[in-house]
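Dear colleague,

I am handing over the structure below, together with an account of what was found in it.

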Amino acid sequence: MPPVWRLTPLAPAGTDELLAEAGYRRIEESRVQRAAIDGHFVADPEVRIAPSPSDDWLAGFAALSPVAPQHRETMARMLRSIAAPVGFARVEDNGQLVAFALGVVDGDHVGLFDVLVAPQARRRGLARRLTLSIGAWGRDHGAHFAYLQVVATNTAALPLYASLGFETVYSYGYRVS
């Protein structure tokens, strides 16, 4: 397999330039963002959060996930093995699951992962509702801060997260051959 280099602020000085000179191209930049969980993080009654993923949650999540079909069983095993407290969030529309997110509490932080909204349900505020609900759920489990990772080119998510108080703590990128 070709090597992939993840370059965070902890990488030694000059590493990015050396990899560029060696022919490695930059493929993606992501931002790690953090927000205090304050009073505007309120649970939405239509967002359901369960301590384990149901079969229909896993199926709907997999259908929207960029994970290749041949890796979905592994993904399901990984999701089922996350240590508590973990919350598997979902939103239904006319009995169909249309939005998903995952929250994991670690100390005084809750990580927000994989906010996925079905194409037919986008532009209706579901990502905001999931984010706020995961934050409120995390607070109920002892978290004071929420964090997430977002691709720097995600023009839909960046303004949403900024409006909720998320600020970039650091950025990282990848270089591949």
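A polar contact is taken here as a pair of N or O atoms within 3.5 Å, of which, within protein, one must be able to donate a hydrogen and the other to accept it. With that in mind, the place to begin is Ser133: a polar atom of its side chain lies 2.9 Å from the backbone nitrogen of Asp44. Please note that the model is a predicted one.

Ser133 belongs to helix H4, and the residue counts as buried because its relative accessibility is 1%, where buried means under 20%. Apart from its neighbours within four places in sequence, Ser133 is in contact with Val42, Ala43, Asp44, Val47 and Ile49.

The sheet comes next. Eight strands make up an open sheet with mixed pairing, and their order is E1-E8-E2-E7-E6-E5-E4-E3. At the edges are strand E1 (4-7) and strand E3 (47-50), each of which pairs on one side only. From one strand to the next, the twist averages 25°. Helix H4, which spans residues 126-140, packs on this sheet and touches E3, strand E4 (86-93), E5 and E6, while its direction makes about 35° with that of E5.

Several of the pairings can be followed strand by strand. E3 and E4 run antiparallel and are joined by four bridges, and within E4 it is Val91 that stands opposite Val47. E4 also pairs with E5 in the antiparallel sense, over eight bridges, and Gly87 has Gly103 in E5 as its bridge partner. E4 and E5 form a hairpin with two residues between them, and Asn94, in the turn, has a positive phi of about 50°. Strand E5 (residues 96-106) is in turn joined by seven bridges to strand E6 (residues 109-117), again with the two running antiparallel, and Leu102 has Phe113 in E6 as its bridge partner. As for how covered these strands are, E4 is mostly covered, with six of its eight residues buried.

Which residues have the most contacts inside the largest nonpolar core? They are Val91, Val110, Leu126, Leu130, Tyr161 and Phe166, in a core of 30 residues. Two or more residues are given to this core by each of E4, E5, E6, H4, strand E7 (145-151) and helix H5 (157-163), and H4 gives the most, with five residues. Phe166 touches Gln33, Arg34, Ala35, Phe41, Thr131, Ala146, Tyr147, Leu148 and Tyr161, if residues up to four places away in sequence are not counted. There is also a second, separate core of 14 residues, and among its members are Leu58, Ala62, Val86 and Leu97.

Two further helices deserve a look. In helix H3 (residues 72-80), the buried residues are Met75, Ala76 and Leu79. Seen down the axis of H3, these buried residues fall within an arc of 100°, so they line one face of the helix. In general, an α-helix has 3.6 residues a turn, so residues three or four places apart point the same way. The cover over the buried residues of H3 includes helix H2 (55-64), E4 and E5. In H2 itself, Trp57, Leu58, Gly60, Phe61 and Ala62 are buried, and what covers them includes H3, E4, E5 and E6.

Ala84 and Pro85 are joined by a cis peptide bond, with omega about 0°, and Pro85 has its place in the loop between H3 and E4. Asp114, although it is not a glycine, has a positive phi of about 50°; this residue lies in strand E6 and is partly exposed, with a relative accessible area of 44%. Arg123, likewise a residue other than glycine, has a positive phi near 70°. Is Arg123 buried or exposed? Arg123, which is found in the loop between E6 and H4, is exposed, with a relative accessible area of 80%.

With best wishes

Methods
Residues are numbered from 1 along each chain as its sequence is written. Side-chain values use heavy atoms; hydrogens and water are left out. Two strands pair if DSSP finds at least two bridges between them. Axes are lines fitted to C-alpha atoms, for helices over the stretch in contact, and angles run from 0 to 180 degrees between N-to-C directions. Contact means heavy atoms within 4.5 Å. A nonpolar core is a set of buried Ala, Val, Leu, Ile, Met, Phe, Trp, Tyr and Cys residues joined through side-chain atoms within 4.5 Å. Buried means under 20% relative accessible area, exposed over 50%, partly exposed in between (1.4 Å probe, protein chains only). The arc is that of the directions from the helix axis to the C-beta atoms.
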